[in-house]
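Okay, everyone, thanks for coming. Let me put today's structure up on the screen, and then I'll talk you through it.

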Amino acid sequence: MPNFLFQTKSPDRLLQEAEQPEHRLKRTLTAVDLTALGIGAIIGAGIFATTGSAVAGTLDRPGAGPALILSYLLTAIACSFCALCYAEFASMIPVSGSAYTYAYATLGELIAWIIGWDLIIEYAIGNVAVAVSWSGYFKELLHGFGVDLPGWLTTDYRTAQRSAEIMASAPHLGSVPLVVNLPAILIVAVITFVLVIGIKESARFNSAMVLIKLAVVVGFIIVGAFYVKPANWQPFAPNGWTGIATGAALIFFAYIGFDAISTTAEEARNPQRDMPIGMIGSLAICTVLYVLITAVLTGIVPYQQLGTAEPLATALNAVHLDWAAGIISFGAVVSMTAVLLVFQLGQPRIFFVMSRDGLLPRVFAVVHPRFRTPHITTILTGVFVAAFAGFMDINEAVELTNIGTLFAFILVGIGVIVLRATEPNRPRPFRCPWVPWVPLLGVASCAYLMAQLPWLTWVRFVVWLFVGLLIYFLYGAKQSDLGRGAGSGRDDRYDQLTQARRWIGTALLALAALLCYSGLSRHGELSDKIGSAMALPFKDARLHTSIILTGCVMLVLGLVFFREAGKARER
């Protein structure tokens with residue numbers, strides 16, 4: 001009996017469970033639908049918002065300048081390696097779990113849980129960033145029609161704290177200012193409703209928005225081309241390779257989405273053929289458009305002027321094409337609506353499959369009797385995204401989304417290599433070429449882009465995974481389908497789970513002791529190191545108090561793990 005942490009679920013079993021009547025989703029999507037979903041997910045907040053800061057740079061990041069073209073190509077190459085790996089898995093195991101399912105079939109249950117938990121960052125937190133960006137463009141669009149919404153109704157709380165004007169104008173409940181990004185919350189609610197009523201209806205809605213966004217993007221390229229001045233492309237790479245690499249890590253957000261197609265595998269008519277077409281086709285189309293947009297954008301005005309939240313509109317305004325800038329704002333709103341729809345479609349299906357496997361409560365695996373959609377997880381995801389979109393800062397959301405997605409891509413690349421070694425004769429309707437070199441290049445390029453992200457983002461990512469592991473060992477490891485069968489295998493699994501819980505409880509108690517000692521003794525050097533590692537923004541008394549509170553939480557969790565260790569054999 002192998003260690004339960006690395007038990008795998010065979011592809012045949014995954015496919016069999018997906019076809020059970022009570023969990024079966026409606027197969028209606030064609031290759032065109034899947035490609036449109038990919039384009040709908042990819043072209044959005046990345047090109048309309050993050051391009052500006054990637055081109056011009058910020059106080060703590062060098063700009064790529066016109067060489068952002070190379071940044072897009074670099075990121076496209078990294079994504080193409082990963083897309084080929086995704087395409088092989090999606091055609092071979094057409095199940096809605098995406099990277100989570102692929103990891104379960106190749107790397108084991110623990111890695112599958114980690115990647116499933118990690119995908120929440122990609123889809124849910126990613127959608128928070130898109131919803132916040134959508135709100136900003138929607139506000140600008142209304143402004144063009146003479147309608148101005150108050151700042152306290154269109155700004156997240158953390159951003160509002162940096163504006164004395166917004167905080168002063170906001171109504172107060174006692175001494176607490178009422179600040180919320182209401183448009184972001186409302187658009188998430190609308191998208192959630194559309195997704196609940198059916199996948200085909202959602203796909204039609206997405207296809208209509210994709211046609212509009214493509215018309216706007218192509219229109220910008222054609223109109224802007226007449227105002228390009230080649231002199232604006234000099235210097236081409238003002239900050240050299242550093243600017244190009246940093247830009248690639250930042251605009252990676254613009255490519256997130258092609259992998260979301262894999263979450264609809266159970267709803268595709270012919271997934272073995274259509275999934276690779278949808279993934280690779282949408283990635284290729286969007287790469288060509290991104291390169292052309294960047295070339296035109298940096299050719300219209302000097303790159304230093306593009307460091308705004310709406311760089312395309314800024315460039316058109318600079319050459320007095322105000323009417324075109326208004327169309328761009330409209331296109332951005334439509335474009336990000338499509339992104340919201342596809343990402344909001346992907347996350348519930350990850351929850352749905354994890355619940356079907358027993359790693360999450362089984363209520364999340366319920367399918368609506370009429371619409372045949374995972375309505376409970378769709379509504380739950382909508383509530384989660386809407387709540388955070390109302391109060392979360394977009395920059396934090398973008399960086400978290402990037403690191404979560406890159407980590408998922410790395411594990412998928414490793415999974416392709418593992419399954420080729422363990423099941424070389426399994427039929428593969430689509431084969432990733434040049435294995436293991438293509439997956440290894442994907443892993444290496446994604447790891448390089450992860451290394452370019454800020455330290456604080458890494459801290460938040462590790463904390464997120466730590467919380468996920470605690471949930472797995474307290475709930476998922478015991479409730480998993482792999483451990484619910486009768487026989488000695490189940491007993492061995494529970495013995496191993498008991499031992500694992502005791503080790504984790506011991507580690508948590510030791511960590512609690514270290515944190516409480518540091519906080520209570522006010523050991524300056526030790527406290528500063530712990531505060532830096534935890535990315536705590538406080539100093540002095542508040543730092544010590546935060547460390548003590550964290551230590552108390554670790555103490556409680558350690559005791560809970562010891563208590564649960566004695567229950568591991570209970571059904």
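Predicted model: local features only at pLDDT ≥ 70, side-chain atom pairs only at ≥ 80, totals over all residues.

Before anything else, one definition: when I give the expected span of a helix, I mean 1.5 Å times one less than its number of residues. Helices here are DSSP runs of H or I with at least four residues, strands are runs of E with at least two, and the numbering starts from the N terminus.

Residues are numbered from 1 along each chain as its sequence is written, and side-chain values use heavy atoms, with hydrogens and water left out.

Let's start with α17, residues 437–451. Its 15 residues should span 21 Å, and the end C-alpha atoms are 21 Å apart, so that agrees. Which residues of α17 are buried? By buried I mean under 20% relative accessible area, with exposed over 50% and partly exposed in between, using a 1.4 Å probe and protein chains only. The list is Val438, Pro439, Gly442, Val443, Ser445, Cys446, Leu449 and Met450.

Pro436 sits in the loop between α16, residues 394–422, and α17. Trp434 counts as exposed because its relative accessible area is 68%. For context, most residues other than glycine have a negative phi, and most peptide bonds are trans.

There's another cis bond, between Gln234 and Pro235, with omega about -5 degrees. Pro235 is in the loop between α10 and α11. And His320, in the loop between α13 (311–318) and α14 (322–356), is another non-glycine with positive phi, about 65 degrees. With a relative accessible area of 68%, His320 is exposed.

On to α11, residues 240–251: 12 residues reaching 17 Å from first C-alpha to last, close to the 16 Å expected. Is α11 mostly covered or mostly open? Mostly covered, with 9 of its 12 residues buried; among them are Gly243, Ile244 and Leu250.

A couple of single residues. Ala203 lies in α10, residues 199–225, and is buried because its relative accessibility is 3%. From Ala203 to Ala284 is 81 residues along the chain and 20 Å between C-alpha atoms. Arg460, in α18 (residues 455–479), comes out as partly exposed at 27%. Arg460 and Leu400 are 60 residues apart in sequence, but their C-alphas are 7.6 Å apart.

Zooming out, the chain has 21 helices and 2 strands. The radius of gyration, taken over C-alpha atoms, has a globule rule of 2.2 Å times the number of residues to the power 0.38. For 571 residues a compact globule would be near 25 Å, and this chain has 24 Å, which agrees. The C-alpha trace spans about 75 × 60 × 45 Å along its principal axes, and 57% of the residues count as buried.

Last one: contacts, meaning heavy atoms within 4.5 Å. Of those between residues at least 6 apart in sequence, 81% join residues at least 24 apart. Okay, over to you.
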